[in-house]
Amino acid sequence: MPRLLRLTLIGLAALAGLVVLVIGVAWAFIPRDWVSKEAQKQAAAMSGADIAWRSLEPGIEWLAVGVRVQGLAVRMPKEGDPRVDLRAKEVFVRFKILPLLFRRVEIAAARVKDAGIAMWDRGPVPEEAKGKAGANAGGLALVLPKLELDGIDVRTRDLYGGGLDLRRIHGVAEIGGTLQAPRHVRVDATVDSLYWKASARDPMRALPSPLRAEIEMKGSGGTSAPRLDVTDGTVLLGPLKSELSGAIALPVGETPMRLDLQIEGAPQEIRSSDAAFRAFAAMSPAAWSTKASWKIKIAGTPEAPVQTGRLSMKPILVESGENKFSLDQLAADWSVTPDQRFAAKAAGGGSGLALRLDAKGSTLPGGESNGTFELDAPAARLNGLAPNTPTWKSGMLAVRALFVSRAPTPPDVRWTVTGRDLSGTAPGVQPPIRRLQFNLAGDAARVEVKSMNAIVGSTTADVTGAVTM
């Protein structure tokens with residue numbers, strides 16, 4: 001064996017031996033009783049929370065010395081229905097080795113593996129519970145340089161069973177400085193899939209996924225006015241890419257956290273054939289594609305955020321069999337105020353079709369919302385957009401709807417549909433339809449035929465009356 005190679009192997013063996021020696025000494029110097037007692041002390045000090053674990057003991061993982069907590073369970077509050085329920089298979093907290101040699105414990109990183117977090121909106125938090133939320137911080141500067149997440153599921157539910165499911169969260173957050181006044185923060189996290197549920201009676205609906213966030217922030221302001229400025233931020237939702245900018249003012253004393261963020265997406269193509277939009281595309285047999293852009297501003301506190309947004313899609317190309325047309329643009333604007341009121345407007349048109357939506361109301365669970373919807377279109381433009389519907393060759397259709405919604409009850413919708421000079425074919429009707437005119441009005445329980453006359457084959461029909469569902 002060449003002399004240089006022998007010296008290299010000896011050096012590597014010595015280095016490996018040194019690493020093993022340092023880890024062994026650090027392992028011997030872990031204050032086991034202190035770690036166990038401190039964990040129990042911190043768990044007991046958290047007001048309103050019930051914290052338990054199956055085992056807590058020192059461990060070694062990939063040349064890292066630390067403490068492994070298995071079977072962690074956190075429930076808040078202790079009494080009554082929980083607002084937060086966390087279950088983690090394993091939490092491993094790594095310690096810095098050099099301080100351990102001097103019997104001083106400093107956290108290097110923490111990893112949470114295979115955990116589930118469920119959060120419920122139970123209505124307003126009692127005043128006595130609010131007063132205890134941060135009572136035990138004691139001015140302690142908490143340091144957590146790195147947090148790793150490995151397979152975390154999060155579920156939120158409102159008062160009526162609606163909410164989000166985030167499944168299989170993986171990622172890392174690196175934090176320089178203390179949690180109260182960080183010098184810098186880097187987040188790189190991915191959510192494998194997202195689902196949305198409107199209410200307890202509604203099915204889960206898949207949202208575009210995966211969701212990935214890559215964000216870097218720089219701290220400023222010191223401990224008196226700490227803030228994080230976004231220096232680089234990218235958010236990916238399925239094929240959609242957004243840039244994140246702005247800042248977060250961190251809480252100090254009684255002053256809450258404040259947001260000043262903007263999410264902006266440059267024009268980018270989306271198609272109904274994209275796997276991320278398959279759940280939405282399944283609602284219509286038609287294929288579509290468009291270029292979309294958006295800008296969303298979020299300000300205020302997390303408890304009472306202010307939001308303004310605009311979405312633009314242009315042009316929108318629609319194709320279903322022989323029916324091919326384009327909308328010049330569909331644009332939507334919305335806003336949410338600190339008192340959780342919203343207003344939204346949308347309008348679009350092209351190829352003779354025009355649609356408008358105007359809605360306002362409350363974002364609170366159970367809050368009332370109302371609005372109007374209008375659609376005017378050549379009847380042939382609607383061919384193939386919904387299954388088992390007539391195929392029109394000519395004529396015009398107009399739809400008007402008024403709706404009022406208060407969860408969890410179904411929306412109350414009152415509508416009118418008028419048709420003028422329609423001709424074409426309809427499922428279940430053998431002869432072609434010529435010169436159909438109608439005026440219908442109704443809701444979920446009743447349809448009133450104000451007038452209807454048509455020539456079907458060689459037969460002329462006039463119909464009035466009502467149909468009860």
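Let's start with β6 and β7. These two strands pair in the antiparallel sense, over 8 bridges. β7 covers residues 163–177.

Which way does β5 pair with β6, parallel or antiparallel? The answer is parallel, over 10 bridges. β5 runs through residues 107–120, and β6 through residues 146–157. Here, the bridge partner of Val112 is Leu149 in β6.

Stay in this region for the charges. Side chains of opposite charge can pair when their charged atoms come close. Asp165 and Arg157 form a salt bridge, with their closest N and O atoms 3.1 Å apart. Is Asp165 buried or exposed? Asp165 is buried, because its relative accessible area is 3%. Arg157 counts as buried too, at 13% relative accessibility. This pair belongs to a network of salt bridges: Arg155, Arg157, Asp165 and Arg167 are linked.

Arg167 has another neighbour to show you. The charged end of Arg167 sits over the ring of Tyr195. The distance to the ring centre is 4.3 Å.

How many salt bridges does the whole structure hold? The search finds 23. Let me pick out two more.

Take Glu319 and Lys324. Their side chains meet in a salt bridge, at 3.7 Å from N to O. Glu319 is partly exposed, with a relative accessible area of 40%. Lys324 counts as exposed, because its relative accessibility is 55% and the cut-off for exposed is over 50%.

Next, Asp376 and Arg356. They form a salt bridge, and the closest N and O atoms are 3.1 Å apart. Asp376 lies in strand β20, residues 368–378, and Arg356 in strand β19, residues 353–362, so the pair ties together parts that are 20 residues apart in sequence. Asp376 is partly exposed, at 21% relative accessible area. Arg356 is partly exposed as well, at 34%.

On to the aromatic rings. The structure holds 1 aromatic pair. Why is the pair of Phe277 and Trp288 called edge-to-face? The ring centres are 6.3 Å apart and the planes stand at 65°, so the pair is edge-to-face; the cut-off for that class is over 60 degrees. Where do the two residues sit? Phe277 is in the loop between β13 and α5, and Trp288 is in strand β14, so the pair ties together parts that are 11 residues apart in sequence. For orientation, β13 is 258–271, α5 is 278–281, and β14 is residues 287–300. Phe277 is buried, with 8% relative accessible area. Trp288 counts as partly exposed, at 26%.

One last stop: Ser312. This residue is found in strand β15, residues 305–320. Ser312 is buried, with a relative accessible area of 10%. What is Ser312 in contact with, leaving aside its neighbours within four places in sequence? The contacts are Lys291, Ala292 and Ser293, along with Gln329, Leu330 and Ala331.

To recap, then. β6 pairs with β5 in the parallel sense, and with β7 in the antiparallel sense. Arg155, Arg157, Asp165 and Arg167 are linked by salt bridges. Phe277 and Trp288 meet edge-to-face. And Ser312 is buried in this predicted model.

Definitions and conventions. Residues are numbered from 1 along each chain as its sequence is written. This is a predicted model: local features need pLDDT of at least 70, side-chain atom pairs count only at pLDDT 80 or more; totals for chains, interfaces and linings use all residues. Side-chain values use heavy atoms; hydrogens and water are left out. Two strands pair if DSSP finds at least two bridges between them. Helices (H or I, at least four residues) and strands (E, at least two) are DSSP runs, numbered from the N terminus. Buried means under 20% relative accessible area, exposed over 50%, partly exposed in between (1.4 Å probe, protein chains only). Contact means heavy atoms within 4.5 Å. Rings of Phe, Tyr and Trp (its six-membered ring) pair if their centres lie within 6.5 Å; planes under 30 degrees apart count as stacked, over 60 as edge-to-face and the rest as tilted. A charge sits over a ring if NZ of Lys or CZ of Arg is within 6 Å of the ring centre and within 35 degrees of the ring normal. A salt bridge is a side-chain nitrogen of Lys or Arg within 4 Å of a carboxyl oxygen of Asp or Glu.
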